[in-house]
Amino acid sequence: MTGSTWQIGKTHRRVGAYDRMRGVSRYTADLKLPGMLHAKIVRSPHAHARIVDVDLEGALALPGVVAAISGRDLPTPYGIIPWTHDENALAVDKALHVGDGVACVAAEDEATAIEAAAAVRVQYDPLPALFDPEEALASDVRINPYAKKGNLTKEVELAFGDVDAALAGADLVIEGEYRFAGTTHAALEPHCALADVDGDGVLTVWSTTQVPHYLHRELARVLELPARRIRVVQPPLGGGFGGKSEPFDLEFCVSKLALVTGRPVRLLYTREEVFYAHRGRHPMTMLHRAGFRRDGTILGVDARSTLDGGAYSSFGLVTTYYSGQLLSAPYALGAYRFASRRAYTNKPACGPKRGHGSVQPRFAMEVQLDKAAVALDLDPIELRRRNALEADSRTINELRIGSSGFLDCLAAVERASGWKERRGRLPFGRGLGVAGSTYISGTNYPIYPNEMPQSAVQVTLDRSGRARIFSGASEIGQGSDTMVAAIVSEELGLALEDIRVLSADTDLCPVDLGAYSSRITLMVGNACLSAARALRRVVTEAVARAWEVPARRIALVDRVALDLEEPGRVMPIDEAFQRAEAEHGLLTAVGDYRSPTDRHGDYRGGAIGASPAYSFTAHVAEVEVDVETGEVHVERVWCAHDCGRALSRRLVEGQIEGSTYMGVAEAVFEHHELDVAHGGLHAGPSLLDYRLPTFLDTPAIDALIVEAPDPRGPYGAKEAGEGPLHSSIPAVANAIYDAVGVRLDALPFDPPRVLAALRERGVRREGAR
Amino acid sequence: MRLAPFELLVPASLDEAFEALARGGVPIAGGTDLLPTLKQRRWRPERLVSLHRLAVLQAEHVEGEGLVLGALRSLAEVASSPLVAEHAPMVAQAAAAGASPQLREMGTLGGNLNLDPRCRYVNQSQFWRGALGGCLKSEGDVCHVVPSGKRCVAAMSSDLAPALIALDASVTLASMRGARTLRLDDYYRADGTANTTRAPDELLIAVRVPFATGPRRTTYVKWRPRKSIDFPLVALAIRVDLAEAGVSRVCVVANVLGAKPKVVGRLDRFAGRALDAALAAEVAEVVFEQCKPLPNVPWDPAHRRELHRVLTRRALEELARR
Ligand SMILES: Cc1cc2nc3c(=O)[nH]c(=O)nc-3n(C[C@H](O)[C@H](O)[C@H](O)COP(=O)(O)OP(=O)(O)OC[C@H]3O[C@@H](n4cnc5c(N)ncnc54)[C@H](O)[C@@H]3O)c2cc1C
Ligand code: SF4
């Protein structure tokens, strides 16, 4: 940890916050270009159907309609993972779920585009639709035309140590079947894209993406244009949470239509379309067995999971690995084996949602531990403590753990929640539950194999005492612009408002791979730090020369350069920059980040889950269960999160609160559900029917920052964006058990399900257990 | 979603409004229920008639032994009105429980009583309904809730209707053809495709709530998954009139079952009983017996049914403690 604290660890006003609060930020949907056309996608009403014919003539005949395309105009398949290109921008031969895009029209205004979409005549030949992953795996009906193994999109089996022997020799074996129902991101901003082709033939695409670089690559592939003729810009984003981390139909459609018409084309999803684009958390069925020694030591874990993938692969290859690979911490496992299968079904595709792939199995694991604690008559916090992996250790699947504040996280929630004094003494119906978890700070390997840096940042100083940061990172609300600004201000003695951050524009900024897997603080932060430090050297050396003292005596803080050994001697920062520029030429520096390649095992798949550093989390939830209505009121949640080092405190607290909120929402409210009895229609593709908790339904959340700095992170920082979600869900499940003695092994814990579970256990009026 | 174009008329007098309605205009008050249905392209009226300049619809006053509330009073106004709090506290309670703060500012009493009955198969986009093939209330000819049924059972989901019916409220409607007053209970019909007896050219002018003639305890129970925004999934307006000897009348009106709010029957037998826990439990059983929710709104009907029992009992226990 560096000792300096001019900016690092402080509370900052977020870059751009003021514009957002005043409502003047220009989101993608706010952009308007002269002559802009509006596009609409025609979507399949069938869950599975062969497309016999797409007749665009009726639409094209309407006044005001300028162009129309169908799947055959964009036939090249794509996919975020290079090994699973199994999507088309618009369905070519088959529609694979209700809401799958089939054609797209562009018109002078949105109303005309809506009419035109209705005028496209599509002839379908309905096929049998499969909604259950087990049925899909057993069926001869093939869902995805690009699939290589029937309806199996990916299968992973890995074993570490002898699990069978470990379970056979255990004093206690806990076995359970857990079900995660599936949820979506529900970012407030619907997806939107705008494309324009300039006189030189350069296509610019503004999009609500959290992965401009990958979008850039896929646009080039599908449009068959050289990447150098494409520019991708990500305007301010109204939330992503993983729901915008791959290309979507609209980006290809507006691009193609702009190329065809020569006019700017814009498409904004309706809320309903966001539900069809989905890529939310996979429904998972998880069969877990865990063996324990009498003292609580985990001897072995066997986990078998089935993932309901929906119609496309999306990140599914990675999700399937993550569902097993990321369970190996924060506890030392004597032996471990997992087998995960992902199936295609005729549903909107699942993908990465905050805590990608590991939130579901974490729920299973932590409820298993709670059951073991009860059986062994151990305090569940103590059981976790006894099994905690140490810092600088290796997991059973050979991931290298660096710093770990897990024990501090457990201690922090134990203290803050009054666990010792209150647990076991609460009235019937009220309970406390604990859970722990871990998460990655980026992945050591990029999505497509390459030897280039994962992140790069360019910083330029100017004579007025300002800095410009060109960062490839996608600010998606998580605060990455503020993070790089805090680093540059720390190193160069600037105030945050003296820094302009230009981010996520493939023409202006160096490449960063995107906002996913909690990689930005560590990777972009390191890249930014090395650029900022290079500039600081140039500036301090120039000042040192002017004062004829050694450069190590010069500090840059509070908009001045000062002599640490002669406190009266100061130079305004703009003057310092000017001297440096005079000596050195334009003050600009680049930094990049290359991830380590030696922190994982040497087996196939061993690199998936490997991260430069791991964050740790513990949650305690307090719930009140109404045994007559089945309502679970989550009253308060304490979350302690080891982020390594909080570069900007309020941002970390915000991530802890937001993650915990999202987890509690998934635990108690949310369910991304299809109406299978009605042809696989979405049960309620709106924010009225897909129930996100309101402020009134949100528990009090205590965000407790724990800092175990990791030498691989900038100033020791790891991540805070996704880790603090994981253990919130099992903490609620375990609290329900503490409150009423009933286990809920299936999500969500909504009143009908909870009431049924209470009835099954014979729990009725208050106290009558 | 986008609105289809329409013409908007803004009459300055009732007569002008009546004329516009007679020519096929559709009234719009706060628009919080109407506009979503138009965005969903459930229907496409050519002409909307805005009521917002009709000051007479803003009435709120005592008239004889009753309180008169104009159709244009917003839910927020009803919720915070001292007169309503004094004479019909359950109505204030119901208004405060509706929708969300912003919607209560825009939403009106008249709109609330004329709320379109709701159903998971009809409150959906045109695309969604098309994929389903429609239903009796939209573009099709079957009901997905009661597949053998010939009548739409979409759920009346107004928070105010059950509270006002439980208080024996009446409504006054008027058109170019004249005015009429009827009991609110008689205003509704058990048909989700058209659940009121309002003629297309009629305006709901005002609601009249008669004062209580003796001691009375009331409460409005609304259950919904979230504490705001959601329409009720269980709505129970409960009124207990008291006399020397104990209870003189128990009245329970349940909503969100079918298209017409349900006045629970066979409660006369409780007259003369003490208002206590035993009574609460017995009334709850009667309510449970008679209220049989359907899968018309998106929630487990068996759970909704159980809630009727639990929430009625709790509400009456609470009234007994007052
Ligand atoms: C997200 C959301 C949540 C909601 N939650 C609830 C809830 O919890 N409880 C609830 O009760 N409602 C709820 N509503 C519905 C609505 O907001 C309220 O019912 C509101 O009071 C409707 O009033 P309005 O003035 O906006 O009606 P409008 O939309 O203007 O009109 C509704 C209907 O009434 C007719 N109408 C209006 N005024 C008159 C009149 N004077 N005479 C004759 N016909 C008339 C209109 O023609 C239209 O058919 C919700 C709405 C939304 C969008
Ligand atoms: S109750 Fe039946 S007819 Fe009425 S809206 Fe629902 S599905 Fe349609």
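Between which chains does ligand 1 lie? In this predicted model, ligand 1 sits between chains A and B. The shell around ligand 1 counts 34 residues, and those that come nearest are B:Pro27, B:Gly31, B:Thr32, B:Thr108 and B:Asp159. Sorted by class, that shell has 17 nonpolar, twelve polar and five charged residues.

The backbone of chain B gets involved too. An oxygen atom of ligand 1 is 2.7 Å from a backbone N or O atom of B:Gly30, and a polar backbone atom of B:Asp33 is 2.8 Å from an oxygen atom of the ligand. For B:Ile229, a polar backbone atom lies 3.3 Å from a nitrogen atom of ligand 1. On its own, ligand 1 would expose 970 Å², and the protein buries 93% of that. As for elements, β2 (26–28), α7 (109–113) and β8 (203–210) of chain B are the ones that give two or more residues to the shell.

Now for the two chains themselves. Here 33 residues of chain B are in contact with 40 residues of chain A. About 2900 Å² is buried between them, with carbon and sulfur atoms giving 55% of that area. Seven salt bridges are counted between chain B and chain A; one of them joins the side chains of B:Asp230 and A:Arg691, at 3.5 Å from N to O. There are also 14 residue pairs in polar contact between the chains, both residues at pLDDT 80 or more. On the side of chain B that touches chain A, the elements giving two or more residues are α8 (126–132) and α12 (301–321) of chain B. The largest share, eight residues, comes from α12(B). That side of chain B divides into 16 nonpolar, five polar and twelve charged residues.

Conventions
Residues are numbered from 1 along each chain as its sequence is written. Chains are lettered from A and ligands numbered from 1 in the order in which they are written. This is a predicted model: local features need pLDDT of at least 70, side-chain atom pairs count only at pLDDT 80 or more; totals for chains, interfaces and linings use all residues. Side-chain values use heavy atoms; hydrogens and water are left out. Contact means heavy atoms within 4.5 Å. Buried area is the accessible area (1.4 Å probe) that two parts lose on being put together, summed over both. A salt bridge is a side-chain nitrogen of Lys or Arg within 4 Å of a carboxyl oxygen of Asp or Glu. A polar contact is a pair of N or O atoms within 3.5 Å; within protein, one must be able to donate a hydrogen and the other to accept it, and residues adjacent in sequence count only if both atoms are side-chain atoms. Helices (H or I, at least four residues) and strands (E, at least two) are DSSP runs, numbered from the N terminus. Ala, Val, Leu, Ile, Met, Phe, Trp, Tyr, Cys and Pro count as nonpolar, Asp, Glu, Lys and Arg as charged, and the others, Gly among them, as polar. A residue is near a molecule or strand if one of its heavy atoms lies within 4 Å of it. Accessible areas come from the Shrake-Rupley method with a 1.4 Å probe; for residues, only the protein chains shown count as cover.
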